[in-house]
Amino acid sequence: MARHLALVVNPTSGRGLGARVAPVVLARLEAAGLTVSEFVTTCAEDVGRISAEVIASGADAVVLVGGDGTIHLAAQVLGGSGMPTGIIPAGTGNDFARAIGVPLKNPEAAADRVIAGNTRAVDLATAKGELITTIMCSGFDSKVNERVNRMSWPKGQSRYTVATIAELRTFAPIPFKVTVDGELIETDAMIVAVGSTSSYGGGLQILAGAVVDDGLLDITIIEPISRIKLLQMFPKLAKGTHVPHPLVRQLRGTAVRIEAPGVTAYADGERLGPLPIDVGIKPGALLIY
Ligand SMILES: Nc1ncnc2c1ncn2[C@@H]1O[C@H](COP(=O)(O)OP(=O)(O)OP(=O)(O)O)[C@@H](O)[C@H]1O
C-alpha cells in the first residue's frame, strides 16, 4: 500500500542546502511509489505549525529536510506523537542525524531509509518545557554559542572556530552545582553538557558513548584546565578521545539539575535560557526511520 508522506523543507538550512536537497529527495521518494506532499517553510514558526497540521491530516509519516534547528522545532510537536519521522540532513551541524546514523552527505541514501520503512524510538531530553533532540550545553561551549549567534561573519562552521578563539581569551572556570539523581557535585568547571546524543557543533563528541535509546541522560563535566589544554582538547573531542583525561568526568542519570551564576544554557544550538535548569528524559519519545 502506497504511503502518504509529508516532506517538510527548511530551504534556509545549511545556507540553502535544504532548498537544493529537497527536489532530489522528493524525486527519490516518488520513484519508490510513495505519495509525497511537500511543504516549504517560510519562517521558524512554520516548522511546528506544519508538523501539527501534517499529524492532523492523517499522513503516514513526516520527512524533515533541515539541520538541528529544524529538527528541534519539529520535535516539539512530533515528540510523543508516534508519527514516524525521517531525517534528511541539510544543516551545517547535523548532530542529531549523526547520532541516529543517517547518511550525512547523501540525501538519496537518507531518503532510502524512509523508503525501507523500518522505525525505532529514540529518547529526547526535556528542559524548560522543551524537548531537546541533542545536547544542552552550559559554560565555555554555551558562551561560544552565544558569541556565534551574535556574529554575522564568517558564515558556516568557521564561525565556531573564530568564536572559540575569541572566547578563550577571557573565559574563566565557573562554579557549578550539578545534581544527578539526587547526588550533588559542586565543582568549578569549564563545561557542563547533558543530553541523549553524543555530539554537538558538527561532530564534537562531548558526550562520547551516549546511547540514543537507553532511557538515560549522559553528562560530561570538564573541570578547570588551562586555556591551551582546552584548545588542545577540541581535536580530541572530534574523535571522542578526550574521555580518558582525568579532568573529564562522565555521568549518567535520569534527572539532572545544573546551577551556575550568570550562565545561559544553549540546546540544539538555540538559546534555552539562564541556569538553573532541570533536565529530564522522555524515553522513546521520537519515532525515527
Ligand atoms: N524558512 C525557514 N524555515 C524554518 N526555519 C527557518 C527559516 N528561516 C530561518 N529559519 C531558522 O533557521 C534555523 C536554522 O535551521 P537549521 O538548524 O535547520 O539549519 P542550520 O543552522 O544550517 O543547521 P544546524 O543546526 O544543523 O547547524 C532554525 O532554527 C530557524 O530558526
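A nonpolar core is a set of buried Ala, Val, Leu, Ile, Met, Phe, Trp, Tyr and Cys residues joined through C-beta atoms within 7 Å. A residue is buried if 20 or more other C-beta atoms, placed from the backbone, lie within 10 Å of its own, exposed if 12 or fewer, and partly exposed in between. The model described here is predicted: local features need pLDDT of at least 70, side-chain atom pairs count only at pLDDT 80 or more, and totals for chains, interfaces and linings use all residues. Residue numbers start from 1 along each chain as its sequence is written.

**Domains and their contact**

- The protein is divided into domain 1 (4–118) and domain 2 (134–281), with bounds that come from an automatic or database domain assignment.
- Taken over C-alpha atoms, the centres of domain 1 and domain 2 are separated by 27 Å.
- Eleven residues of domain 1 are in contact with 15 residues of domain 2, where contact requires C-beta atoms, placed from the backbone, within 7 Å.
- Helix H3 (68–78) and helix H4 (95–100) are the elements that give two or more residues to the side of domain 1 that touches domain 2; helices are DSSP runs (H or I, at least four residues) numbered from the N terminus.
- H4 contributes the largest share of that side, five residues.
- By class, the side of domain 1 that touches domain 2 has three nonpolar, four polar and four charged residues. Ala, Val, Leu, Ile, Met, Phe, Trp, Tyr, Cys and Pro count as nonpolar, Asp, Glu, Lys and Arg as charged, and the others, Gly among them, as polar.

**Surroundings of the ligand**

- Of the 22 residues around the ligand, Thr41, Gly67, Gly69, Gly91 and Gly93 come nearest; a residue is near if its C-beta atom, placed from the backbone, lies within 6 Å.
- Helix H1 (13–31), helix H2 (44–57) and H3 each supply at least two residues of this shell, and H3 gives the most, with four residues.
- The shell has five nonpolar, 15 polar and two charged residues.

**The largest nonpolar core**

- This core has 87 residues, of which Leu7, Val8, Val65, Ile88 and Met136 touch the most other members.
- Domain 1 and domain 2 each supply at least three residues of the core.
- Leaving aside neighbours within four places in sequence, the contacts of Met136 include Ala125, Ala193, Leu272 and Val279.

**Val21**

- Val21 is found in helix H1 and is buried, with 23 other C-beta atoms within 10 Å.
- Not counting residues up to four places away in sequence, Val21 touches Val65, Ile88, Ala90 and Pro107.

How values were computed: Two residues are in contact if their C-beta atoms, placed from the backbone, lie within 7 Å.
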